[in-house]
Amino acid sequence: MAPLADPDSPQRPAGFAVGLDLASVEAVETSISLHAERYLRRVYTSRELSDCRNADGTPNARRLAARFAAKESTMKVLRVADEALPWRSIGVCSDGCGRPAIELTGDAEELASSRGIKTLALSLTHEGPFAAAVVVAEFGGAL
């Protein structure tokens, strides 16, 4: 069996990393109730907010909780440590086939590049009081 690569080494072999997160729908509902637009504009992109509205225009906490879990999962595969990474630099959008996808901008995009990440794949789900996300990152080899 080959030894595992040191995740902090500047030389990272080609391969994959997985991030998983579970978010409470109730926690998102509480944040919306307490902080309203301030919370929504701090955490979610305008595209996410548009995609996660109910028919009456109110925020859909279940869908937003899944996006929050996706942001946390993405931070795990980016191996965010001391870097200050704005929540809005990680967004959830739909690809050309309607599947959820991660969209990185600014600091998150730069961090992914510096970590050698070639692609990110996303899966979302929500059931009852929880939402979950799995992000798989493909690394391109040595940095």
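Tyrosine 39 and tyrosine 44 are both buried (under 20% relative accessible area; exposed is over 50% and partly exposed lies in between, with a 1.4 Å probe and protein chains only). The model is predicted: local features need pLDDT of at least 70, side-chain atom pairs count only at pLDDT 80 or more, and totals for chains, interfaces and linings use all residues. Residues are numbered from 1 along each chain as its sequence is written, and side-chain values use heavy atoms, with hydrogens and water left out.

A pair of aromatic rings is described by the distance of the centres and the angle of the planes. Rings of Phe, Tyr and Trp (its six-membered ring) pair if their centres lie within 6.5 Å; planes under 30 degrees apart are stacked, over 60 edge-to-face, and the rest tilted. The count by this rule is two aromatic pairs. Tyrosine 39 and tyrosine 44 form an edge-to-face pair, with 5.7 Å between centres and 80° between planes.

The protein chain contains four helices and five strands. Both are DSSP runs, numbered from the N terminus: helices are H or I with at least four residues, strands E with at least two. From the N terminus on, the order is β-α-α-α-β-β-α-β-β. Of the 143 residues in the protein chain, 38% are buried.

Three strands form an open sheet in the order S1-S5-S4, with antiparallel pairing. Two strands pair if DSSP finds at least two bridges between them. Strand S1 (15-24) and strand S4 (117-127) are the edge strands, each pairing on one side only. From one strand to the next, the twist averages 15°. Axes are lines fitted to C-alpha atoms, for helices over the stretch in contact; angles run from 0 to 180 degrees between N-to-C directions. S1 pairs with strand S5 (residues 130-139) over 10 bridges, in the antiparallel sense. Serine 24 stands opposite phenylalanine 130 in S5. Helix H1 (residues 25-43) packs on the sheet and touches S1 and S5. The direction of H1 makes about 65° with that of S1.

Aspartate 21 lies in strand S1. This residue is buried, with a relative accessible area of 12%. The side chain of aspartate 21 makes a polar contact of 3.2 Å with the side chain of lysine 76. A polar contact is a pair of N or O atoms within 3.5 Å; within protein, one must be able to donate a hydrogen and the other to accept it, and residues adjacent in sequence count only if both atoms are side-chain atoms. Not counting residues up to four places away in sequence, aspartate 21 touches Ala69, Glu72, Ser73, Lys76, Ala131, Ala132 and Ala133.

Helix H3 (residues 61-78) has 18 residues. From first C-alpha to last, H3 reaches 25 Å, close to the 26 Å expected (1.5 Å times one less than the number of residues). H3 is mostly covered, with 13 of its 18 residues buried. Asparagine 60 caps the N-terminal end of H3; a side-chain oxygen lies 3.1 Å from the backbone nitrogen of arginine 62. Arginine 79 follows H3 and has a positive phi, near 55°.

Strand S2 (residues 90-94) is mostly covered: four of its five residues are buried. S2 and strand S3 (residues 100-104) run antiparallel, joined by five bridges. Cysteine 93 stands opposite alanine 101 in S3. The hairpin of S2 and S3 has five residues between the strands. In this hairpin, glycine 98 takes a positive phi near 90°.

Key: Contact = heavy atoms within 4.5 Å.
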